[in-house]
Amino acid sequence: MTSVSQKTALVVGGGIAGASICLSLKRRNIQTILLEKEPSVATKASGNPIGVVYPFLTKHKTAESEFSYLAFQYFLNLWNQLKLGELVPHVNGIHFLLDSSSLYERYSHALLSHKIPPEVARLEREPQSQIDVLYFSQGKAISPVSLTKELFQLANPLEKMQSELLSWQVDEADGKLICKTINETFKVDYLFLAQGYQFSKDPSLQWIPMKQVRGQIVEIPATFFQNQTSILYGDYLTAEINNKRVLGASFDEFHLEEKPREEETLALWDGLRKKLPTLREEWDPVRIHEFGTRVSFRTQSQDRHPVVGKLPNVSLLDTTVKYQNLFRKNGKQFQIPYYESVGILNGLGSRGLTHAFFAAEILVNEILNQKQELPEPIIQSLKPDRFLLRMWKRDQLI
Ligand SMILES: Cc1cc2nc3c(=O)[nH]c(=O)nc-3n(C[C@H](O)[C@H](O)[C@H](O)COP(=O)(O)OP(=O)(O)OC[C@H]3O[C@@H](n4cnc5c(N)ncnc54)[C@H](O)[C@@H]3O)c2cc1C
């Protein structure tokens, strides 16, 4: 039975973002309902057969790279704490190729500027090719589908499959949220929006500059290569999971058809062969375009950083407050009004698996007004507010 004070949250989207939010809510004893449009979870971006987990690093520390490194550490802690290694097929070890002097310089600096210890990442040689690499010993190839499903198992939300959120609004009487699907109406205390690339169907999110990006991967029988760990070289060839390796990924933000493109498969194969010619003795008789391919879509924000935070209510913005007048006497401050109990987790780009756990924890903390243990610049760098502020400075708010 629900106690009088028990709060309820609706989480929209059964991908890795929605799963991570459900888990964060479970850890705070919030009753959770999951809405997923498809018949099961992890069928869209989080439905790829294999993905890689490692942090994004820049030469000098930035809010973005610091977030990514902290997210990677958070991922590893949770992975160990929840014993996910016993539940999710995975292979440890990522070799990130440093086959130019500029790459070597960037990442050797990154190790120092981020104070990364050698047990997390170190410079060494990839054993087969003898090329310089940055080696993440705890980086992983994993099955995103298994990971997402296991998180949902652990979080145990009330699952509503084939249930699409069509609209939501705040009930002015009590501040709760009324959320409608075709068959049901839910009244909840909190709403978490994690719809992936389908975000733009929600009118309250259309102002956020995020794009749908098409991605194509090739599934290769594991026996074709002998690499024990995943190798990243701009594209990537993963370690073996469930008798497969994944060669990926080609990305395109302009042409979004769902059908696989043969020329992209051939280009991925050609790229691998040029970068790592010693991986196979004989490359030519392989009919790579006959292998399985998968197309899926991710979201990418304008600055390629995730979008995580309380949702601004743009319909209440006071657009008469001009940035140009800010420093004048009695100039009014620009205030951002929010939907106080609505959060967004999106724009996970091509590192959703590494970033989702940590991003969800930050988001749930913010919506529940709990203390954040993070430096403020990191939290600010994630908020959707940044796009509004940019538009305000450029006088682009109507
Ligand atoms: C080709 C490719 C390769 C990638 N490789 C990697 C990798 O190696 N490592 C890595 O970290 N990341 C990788 N990524 C990125 C990663 O897959 C994504 O960042 C991540 O899966 C996004 O998760 P999500 O939960 O935001 O979105 P999704 O997994 O797309 O989930 C969104 C869910 O919301 C549901 N939904 C949408 N609208 C509604 C609605 N109105 N009502 C109810 N449900 C709704 C959808 O059906 C879907 O299930 C890759 C992405 C692609 C495309």
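This is a predicted model: local features need pLDDT of at least 70, side-chain atom pairs count only at pLDDT 80 or more; totals for chains, interfaces and linings use all residues.

Me: Which strand is joined to E13 by three bridges in an antiparallel way?

Reply: That is strand E14 (residues 235–237), and within this pairing Ile231 stands opposite Leu237 in E14. The hairpin of E13 and E14 has one residue between its strands, and Gly234 takes a positive phi near 100 degrees there.

Me: How should I read a whole sheet, and in what order do the strands E8, E9 and E10 lie?

Reply: The idea is to list the strands in their order across the sheet, and then to look at what happens at the two ends of that list. In this case the three strands form an open sheet in the order E8-E9-E10, with antiparallel pairing. Strand E8 (167–170) and strand E10 (185–188) are at the edges, and because each has a single partner strand, one side of each is left without a neighbour in the sheet. On average, neighbouring strands of this sheet are turned by 20 degrees against each other, direction ignored. If you look inside the sheet, strand E9 (residues 177–180) is joined to E10 by four bridges, and Lys180 has Thr185 in E10 as its bridge partner.

Me: Which strands form the open sheet with mixed pairing?

Reply: Six strands form that sheet, in the order E7-E2-E1-E11-E18-E17. Strand E7 (158–160) and strand E17 (307–312) are its edge strands, and each of them pairs on one side only.

Me: How do I read the packing of two helices, and at what angle do the axes of H1 and H6 cross?

Reply: One looks at the distance between the axes, the angle, the handedness and finally the residues that meet. The axes of helix H1 (residues 16–26) and H6 come within 8 Å and cross at roughly 40 degrees, which makes H1 oblique to H6. This crossing is right-handed, and the residues that meet include Ile16, Ala17 and Ser20 in H1, and Gly352, Leu353 and Ala356 in H6.

Me: Is H1 roughly parallel or roughly antiparallel to H4?

Reply: H1 packs against helix H4 (residues 144–155) at an angle of about 25 degrees, with the axes 8 Å apart, and that makes H1 roughly parallel to H4. Here H1 passes H4 in a left-handed crossing, and among the residues that meet are Ala19, Cys22 and Leu23 in H1, and Leu147, Leu151 and Phe152 in H4.

Me: Why does Val342 count as buried?

Reply: The approach is to count the C-beta atoms around the residue. Val342, which lies in strand E18 (residues 338–346), has 20 other C-beta atoms within 10 Å and is therefore buried. Leaving aside residues up to four places away in sequence, Val342 touches Leu177, Leu191, Leu193 and Leu311.

Me: Why does Lys211 count as partly exposed?

Reply: Lys211 is in strand E12 (residues 210–221), and because it has 16 C-beta neighbours inside 10 Å, Lys211 counts as partly exposed. Leaving aside residues up to four places away in sequence, Lys211 touches Glu253, Thr299 and Gln300. Sequence and space can also be read side by side: Lys211 and Gly347 are 136 residues apart in sequence, and 8.2 Å apart in space, C-alpha to C-alpha.

How values were computed:
Residues are numbered from 1 along each chain as its sequence is written. Two strands pair if DSSP finds at least two bridges between them. Axes are lines fitted to C-alpha atoms, for helices over the stretch in contact, and angles run from 0 to 180 degrees between N-to-C directions. Angles under 35 degrees count as roughly parallel, over 145 as roughly antiparallel, 65 to 115 as roughly perpendicular and the rest as oblique. A crossing is left-handed if the near helix is turned anticlockwise from the far one by less than a right angle, and right-handed if clockwise. Two residues are in contact if their C-beta atoms, placed from the backbone, lie within 7 Å. A residue is buried if 20 or more other C-beta atoms lie within 10 Å of its own, exposed if 12 or fewer, and partly exposed in between; C-beta atoms are placed from the backbone.
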